[in-house]
Amino acid sequence: MPHEIKAYKCDYCNKVSRTRAGILSHEVACRLNPNNRYCHTCKHCDMNGLIEKVEPFSTVFYGEQGGYEFRGMYCNYYQEPIQKGEKAVYFRECETEGGDWGPERNVPCTCFYYERKDNTNATR
Ligand SMILES: [Zn+2]
């Protein structure tokens, strides 16, 4: 027989944990928590932005074919697709740490152009 269990849900996304501590540690890093300033909650981010468009080519015998659109996360501030890694657009102007005793590192989620989106529920 199935039985009911108690669980905790993240305030920002759909993640569920059986322990309160588990969901609290998730919320600290949740991409949809606006306090974390991820692109997901930034008004400059288009979750379904046009990354690449390939025009169809026409042939005499088969008509138009071969065109497609590739969509994904796109930054409307930098006008570039959002990709991960050290060269990501959100690292272009952001806070850094280190430098005195070691290499300077970009601090994640400190993009200077982050602006909180009004509605953060519609993005995943
Ligand atoms: Zn979450």
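In the predicted model, C75 has E80 of strand β7 as its bridge partner. Strands, like helices, are DSSP runs numbered from the N terminus, with at least two residues (E) for a strand and at least four (H or I) for a helix. This bridge belongs to the antiparallel pairing of β6 (residues 68-75) with β7, which extends over 2 bridges; two strands count as paired if DSSP finds at least two bridges between them. Strands of a sheet pair through backbone hydrogen bonds, either parallel or antiparallel.

The other partner of β6 is β3, joined to β6 by 7 bridges and also antiparallel. One of the residue pairs involved is D46 with Y74 of β6. Together the three strands form an open sheet in the order β3-β6-β7. Its edge strands, β3 (45-54) and β7 (80-81), each pair on one side only. Strand β3 is hardly covered, for 1 of its 10 residues is buried. A residue is buried if 20 or more other C-beta atoms lie within 10 Å of its own, exposed if 12 or fewer do, and partly exposed in between, with C-beta atoms placed from the backbone.

C75 also belongs to the largest nonpolar core, which has 11 residues, including C39, C45, Y74, I82 and Y90. Such a core is a set of buried Ala, Val, Leu, Ile, Met, Phe, Trp, Tyr and Cys residues joined through C-beta atoms within 7 Å. Apart from its neighbours within four places in sequence, C39 is in contact with C45, M73, C75, I82 and Y90; a contact requires C-beta atoms, placed from the backbone, within 7 Å.

Two residues other than glycine have a positive phi. R37, in the loop between α1 (20-29) and β3, has a phi near 55°. R37 counts as partly exposed because it has 18 C-beta neighbours inside 10 Å. C109, in strand β9 (residues 105-111), has a phi of about 60°, and its 16 C-beta neighbours inside 10 Å make C109 partly exposed as well.

The protein chain as a whole comprises 1 helix and 9 strands. Its radius of gyration is 20 Å, well over the 14 Å that the globule rule gives for 124 residues, so the chain is more spread out than a compact globule. This radius is taken over C-alpha atoms, and the rule is 2.2 Å times the number of residues to the power 0.38. Buried residues make up 12% of the 124 residues.

Residues are numbered from 1 along each chain as its sequence is written. Because the model is predicted, local features need pLDDT of at least 70 and side-chain atom pairs count only at pLDDT 80 or more, whereas totals for chains, interfaces and linings use all residues.

Key
Contact = placed C-beta atoms within 7 Å.
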